[in-house]
Amino acid sequence: MRYAMAVDTKKCVGCSDCVVACQTENNVPIGYCRDWVVEVMDGTYPQLEIELRSERCNHCNNAPCVRCCPTGASHIVDGGIVLVKPNKCIGCGACIASCPYDARYPHPKGYVDKCTFCIHRVKQGMKPACVAVCPTKCMYFGDLDDPNSDISVILKKRKSKTLIPEAGTQPQLYFLI
Amino acid sequence: MATRRQFIRISAMGAGAVMAGAAGIRLFGSGLTDGQKATLAALTGRTPTYCEVCFWKCAGWVYKDDKGSIQKIIGNNEDLNCNGRLCPRGTGGVGMYHDEDRLRKPLIRTEERGKQSFREATWEEAFDYIAEKIKVISAEHGPECIALFTHGSGGKYFSTLLRALGSPHIAAPSYAQCRGPREVAFQATFGEALESPEPLDIRDTRCLVLIGSHLGENMHNGQVQEMSDAIDKGATIITVDPRFSTAAGKSKYWLPIKPATDLALLLAWINVIITEELYDKPYVEKYTYGFEYLKEHVKNMTPEWAYGITTIDPTVIRETAREMADASPAVIVHPGRHVTWYGDDTQRLRAVAILNALLGSWGRRGGFFRTETFELPEPPHPAYPTPKRTWRTEFPDLYKLADSVLANGVCDATVPDPSRSCKFQAWIVNGTNLMETLPNQANTLKAIQELQLLVVVDTMPMEITGWADVVLPECTYLERYDDLRIGPHRKPQIALRAPAAEPLHDTKPAFYMARELAKRLGVIEYFPFGTMEEQLDWQLKQVGSSLEEMKRIGVKTFDRTADNLFFYPDEDVEFYTATGKIELYSTALEGAGFDPLPKYTPHEEPPAGFYRLNYGRAPMHTFSRTANNPNLTDLMDENSVWVNPRVAKEWGLSTGQYVHLVNQDGKKSEFPIRVRVTERIRWDSVYMVHGFGHQEKKLRRSYGKGASDTNLITKVLVDPIMGGTGMRGNFVTFITDLAGEEVVS
């Protein structure tokens, strides 16, 4: 089993619903976020291009945050999801510094927090909150090992990219382009 | 990278402050956070609602955490408005409930208006005060001198109260400040207004033309969803906007039009479609009236003619017209929503309607569908008394085609004028922040100072509440019942709003307020049910449901009475116009003394050193209503003024810098606004998101953040046809020297 997510940049309107849905689903305190929206604009008026995308933890196969965690709080569970055990985390911040995607933040309660792919929902057969709420249905989630999953099907059908592949992290957040 | 930066900035700042103070680290016994545990626990109980953060009114479910506090709102899968997916504002609706700046107690003014001195009062006191004043005003001036301004579900009950008293003056700024010209134009052409949600079959369209709609930035939920479906199916999107909008970024064609020239482009498109014979001939022949007049009218309005006006390449005008025709009838020239721009808006929307008619998209799959609205019996009550006069009496021969009360008209007729026999004496304002809704704030204040009574009903202390005599704190939509939502759609549906929590503080639902006032004013028979629960249960039982059932399902869908979402082939259709046809040539406009066919007239250009002020929406905010919502402020806490790099160079502006804006009449923004230098905007205009720059200090999170466009709209271009207030004729320049002024950030 290998969970992954894809975001269709052709459909994302950058509304940030994924951010609010994540905050209210996971009680992320106001002022913090586990996912966010990026706008990249290129060109000169009127020859312009824009890419909007919702970003979060890439749940890397080769996760630097897990490697550098001194206490083992950062770990990988079944399905390749990278998680943090709040009770093991000492808030040292090494993982935050090591993450090329800036996907982690220090929770005010003292531990480091990040996207969990909403594992508590996924275990119940639901989609992550961001995927479920998105008004443009631009996000796909599922098991890459299952050839019929939403994610496998869309990645076969569409061209995609990952972010900072040169970091060698083998990210599992794909962007359809 | 603007949005990303914002979130990084927010995270980083919070992090520093918090880590320093968090010496003791709390440990937890499991890998799940508090929130996740709460989520799992709370799945047992949920309450149906429909959203009140905007007018789309999506239905959803409210979930509470294990402490009984409202935690999240999720869309209802059955709901045709949202299909189980709320927009960021709907998801962030929890912030309306939790906002610590909410109004808490009824307030009565203690000093002169606008000084913001109030004393807390009991509900009894507040109701007695209002009822006493209304009695005196009704006796002296007639009940017609009482007006209601409303943009919220609670308006329904105050509307009943006013009608019962004998006043017809129920004004919604959503008409003359927003979609009124569109409704009049479509009425004149197809015999029907579009209403809300608009009957656009975007999901099955093959070509979507956005002219005056920045869909995706305005989160009209169902339409945003269907635009996404259309993208999936390979539809062509054509966007006309002087600004590179989000939708422009998804479009095959972006037409970066010179502001204020849209009508010329529309006429040129009509010209191409007629001269190249691209129109739907059988449809036009069977259903329309006045084609030959139209053909003659546009014969010289060629793409080359339009080029000199719009700056759009004639080749592109032809190509895009052909794209529309290729997709016909599965094509939508989007009618927009906020269309009060230049004062000739009804005529511009007429051109939109005509274009749709030529392409045969009205009543066709992928174009406009026929809606059906559920018929719900109203609670029985005596007939309303007939008003002795209406606002129309005060505006003889003006705005002849207006079919709703004009909010600005009521405002104007509140100021004594020798040409008018009566003036308004009392306003009740429900869920609309008139100071940010009506253009020309000075005029609004002048009117307010003339009133004998101003009652404001809201959940938040907005600018308008500061001017009130009595403030009635309404509980949020998450804490009350309201009427069933029965809006039009592909199928008739009803949606229930039930309270998920007890009202916080000393707040009450509008139904209760209106009924208590009705009691005191001797018109209680218009409120036959003591509570909304009783009323809803009675209504639902008339149609084979019950309050109990609706609490369980939230949304109920009914079958259409006829299987006629689209016209049948060769169907004989009678349109509700004078000719019974789709009127390309409008007999209604002609009869009222207006141009029966739309004409382009040039609009004023910005003077040297000034830029046209354009404004719009951000997906996470609704008007000025959400600017203090903790969840939504977290996403965007101030607006910025978009400036083209060439303009920035001339003025020495850089991104992030604060400036003041000052308009053609010397009106300066109340607060400085941040500059965003971006290629996404033309050099002849600037752009800002509406709803910021709050002047009400009680809005602690949003006070002084950003600038208010309304503040800078002192020039109003009134539509002579229906009285809409055009707000895109204002020009601003920059004041870069803030002279040591403190910036709220």
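**Chain A, then a helix of chain B**

Modeller: Gladly! This is a predicted model, and of the 177 residues in chain A, 51% count as buried.

Biologist: How many helices and strands does chain A have?

Modeller: A residue run is called a helix here if it has at least four residues, and a strand if it has at least two. Counted that way, chain A comes to 6 helices and 10 strands.

Biologist: Why is chain A said to be as compact as a globular protein of that length?

Modeller: Let's compare it with the globule rule, which works from the number of residues. For 177 residues the rule gives 16 Å, so chain A counts as that compact because its own radius of gyration is close to this, at 16 Å.

Biologist: Now to chain B: what length does helix α8 reach from its first C-alpha to its last?

Modeller: Helix α8 of chain B covers residues 221-232, which makes 12 residues. At 1.5 Å a residue, 16 Å is expected. The helix is close to that, and it reaches 17 Å.

Biologist: Is α8(B) mostly covered or mostly uncovered, and which strand do its buried residues pack against?

Modeller: A residue is buried if 20 or more other C-beta atoms lie within 10 Å of its own. By that test 9 of the 12 residues in α8(B) are buried, so the helix is mostly covered. Among them are B:V224, B:M227 and B:A230. The strand that the buried residues pack against, in chain B, is β8 (207-211).

Biologist: Which residue just after α8(B) takes a positive phi?

Modeller: Look just past the end of the helix, where phi is about 85°. The residue there is B:G234.

Notes. Residues numbered from 1 in each chain as written. Chains lettered and ligands numbered in written order. Predicted model: local features only at pLDDT ≥ 70, side-chain atom pairs only at ≥ 80, totals over all residues. Expected span 1.5 Å × (residues − 1). Contact = placed C-beta atoms within 7 Å. Rg over C-alpha atoms; globule rule 2.2 N^0.38 Å.
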